[in-house]
Amino acid sequence: MKRQTLFAALACALLVFSMLGCHALQTTNHLQSIQLSTSNTSATPPGTLDLQGIGGTLQVYAWGNYSSGKQTLLNNRDVAYQIVLSPGSESAVDPGTDLLYQLDAPPATVELSSTGLLTAVTPSACTFFDSAQPPATKPAWSMVGSYSVTATYSGLTSPPVFVAVASAPGFYSTHNPTGQCGP
């Protein structure tokens, strides 16, 4: 074999391997963050969730956000969900009645399964107050307590999603004659 042919073959081989190496660098895909969604088809952040009625349920799903821009449903593989009282939600005073309201820590009031299913349980709670003042004829809802749900996967924790609870009646008043809890 001639020396020129050998050098040409080596040069081509190096070119091919270097192109493969560049391609491999371009397609690396690292998990950058995770987020919660109420959809298993879209990674749309849900905002504040409203869990209504004893036995009411809401499902949250963990999504992975990768460096390639791709979002992938994690399908609860090695996902750990957590729920806590949001800071400052332990107690509040209803401005209309001056009654002290205390919110129970999970698993009382809200349970969270290992698969991300939230369920309202006893004791019931209403994390909304009607802050309307006379001469108002309709309620003006203020959320005064909530729970925070997060998911952890591969060392990353999602931003919290807040959960309001409306499993108990609200306070009766002239602008809330039905005792509704929340919007």
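The structure is a predicted model, in which local features need pLDDT of at least 70, side-chain atom pairs count only at pLDDT 80 or more, and totals for chains, interfaces and linings use all residues. Residues are numbered from 1 along each chain as its sequence is written, and side-chain values use heavy atoms, with hydrogens and water left out.

The chain contains one helix and 15 strands, taken as DSSP runs numbered from the N terminus (helices: H or I, at least four residues; strands: E, at least two). Of the 183 residues in the chain, 34% are buried, that is, under 20% relative accessible area with a 1.4 Å probe and protein chains only. Among contacts (heavy atoms within 4.5 Å) with a separation of 6 or more, 61% are between residues 24 or more positions apart. The accessible surface of the chain is about 10600 Å², and carbon and sulfur atoms contribute 60% of this area, as computed by the Shrake-Rupley method with a 1.4 Å probe.

One disulfide was counted, a disulfide being a pair of cysteine sulfur atoms within 2.5 Å. This bond joins Cys126 and Cys181, with the sulfur atoms 2.0 Å apart. The pair connects distant parts of the chain, 55 residues apart: Cys126 lies in the loop between strand 10 (117-120) and strand 11 (128-130), and Cys181 lies in the segment after strand 15 (161-166). The disulfide of Cys126 and Cys181 is right-handed because the torsion about its S-S bond is about 105 degrees. Cys126 counts as buried at 6% relative accessibility, and Cys181 counts as buried at 12%.

Terms used. Buried < 20%, exposed > 50% of the residue type's maximum accessible area, 1.4 Å probe, protein only.
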